[in-house]
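Me: I have a structure open and want to learn how to read it. Please take me through it one feature at a time.

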Amino acid sequence: MQGQTVRIVSQAIRYIEEHLHEKIDLDMVASALHYSKYHLHRIFTKTVGLTIHDYAKRRQLTEAAGFLVFSEKLIIEIALMSGYESQQAFTDIFKAMYK
């Protein structure tokens with residue numbers, strides 16, 4: 001059972017990584033992997049310690065941090081690439097995560 005849990009969580013993480021620049025939610029991931037969203041939510045949260053939504057947002061912000069440091073893109077461009085509709089929303093969440 002442990003091996004199956006790891007496989008399912010790995011599939012979910014791989015899906016999130018492949019769709020990092022899109023809006024990601026539990027329903028989308030569960031549907032793509034053909035699992036019940038309740039089952040996926042339970043095992044993902046228990047294994048990773050974050051919900052799929054929180055994990056995806058953190059990964060998107062980590063990716064955005066790389067763009068802020070290593071690219072010459074404008075903050076608004078990075079915010080939009082990261083799935084935020086405004087620079088202010090992106091800045092607020094980025095500050096909350098990275099202080």
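Reply: Start with helices and strands. Both are DSSP runs, numbered from the N terminus: a helix is H or I over at least four residues, a strand is E over at least two. This is a predicted model, in which local features need pLDDT of at least 70 and side-chain atom pairs count only at pLDDT 80 or more, while totals for chains, interfaces and linings use all residues. Residues are numbered from 1 along each chain as its sequence is written, and side-chain values use heavy atoms, with hydrogens and water left out.

Me: How many helices and strands does the protein chain have?

Reply: Six helices and zero strands. From the N terminus on, the order is α-α-α-α-α-α. The C-alpha trace spans about 45 × 25 × 20 Å along its principal axes.

Me: Now cavities. What counts as one?

Reply: A cavity is a set of points where a 1.4 Å probe fits but cannot get out; lining residues have an atom within 4 Å of a point. Points are joined across faces, edges and corners, and the volume is the space filled by probe spheres set on them. By this rule there is one cavity of 30 Å³ or more. The largest cavity holds about 40 Å³ of space.

Me: Which residues line the largest cavity?

Reply: L20, H21, Q60, E63, A64, F67, I78, M81 and S82. Helix α4 gives the largest share of this lining, four residues. Both α4 and α5 (75–81) supply at least two residues each.

Me: What classes of residue make up that lining?

Reply: Classes first. Ala, Val, Leu, Ile, Met, Phe, Trp, Tyr, Cys and Pro count as nonpolar; Asp, Glu, Lys and Arg as charged; the others, Gly among them, as polar. The lining has five nonpolar, three polar and one charged residues.

Me: How do I spot a salt bridge, and how many does the structure hold?

Reply: Look for a side-chain nitrogen of Lys or Arg within 4 Å of a carboxyl oxygen of Asp or Glu. The structure holds three. In one, R59 pairs with E17, with the closest N and O atoms 2.6 Å apart. That pair links distant parts of the chain: R59 is in helix α4 (residues 52–70), E17 is in helix α1 (residues 2–18), and they are 42 residues apart. E17 is partly exposed, at 32% relative accessibility.

Me: Which other residue does R59 bridge to?

Reply: E63, with the closest N and O atoms 3.5 Å apart. R59 and E63 are four residues apart in helix α4, so about one helical turn separates them. E63 is partly exposed at 28%.

Me: Where do D27 and K37 lie?

Reply: D27 forms a salt bridge with K37, closest N and O atoms 3.2 Å apart. D27 is in helix α2 (residues 26–33) and K37 in helix α3 (residues 37–48), 10 residues apart. Both are partly exposed: D27 at 41%, K37 at 31%.

Me: What makes an aromatic pair?

Reply: Rings of Phe, Tyr and Trp (its six-membered ring) pair if their centres lie within 6.5 Å. Planes under 30 degrees apart are stacked, over 60 edge-to-face, the rest tilted. The whole structure gives four pairs. For F90 and F94, the centres are 5.5 Å apart and the planes at 35°, so the pair is tilted. Both lie in helix α6 (residues 87–98), four residues apart, about one turn.

Me: Why is the pair of F94 and Y98 called tilted?

Reply: Because its planes are at 40°; the ring centres are 4.7 Å apart. F94 is buried at 18%, and Y98 is partly exposed at 36%. Ring pairs link Y84, F90, F94 and Y98 into a cluster.

Me: Which charged residue sits over the ring of Y84?

Reply: A charge sits over a ring if NZ of Lys or CZ of Arg is within 6 Å of the ring centre and within 35 degrees of the ring normal. Here the charged end of K57 does so, 4.6 Å from the centre of the Y84 ring.

Me: Last one: how do I read phi?

Reply: Most residues other than glycine have a negative phi. H34 has a positive value, near 65°. H34 lies in the loop between α2 and α3. At 70% relative accessibility, H34 is exposed.

Terms used. Buried means under 20% relative accessible area, exposed over 50%, partly exposed in between (1.4 Å probe, protein chains only). On a 1 Å grid over the protein atoms alone, a cavity is a set of points where a 1.4 Å probe fits but cannot get out, and a pocket is an open set with protein on both sides within 12 Å along at least five of seven lines; lining residues have an atom within 4 Å of a point.
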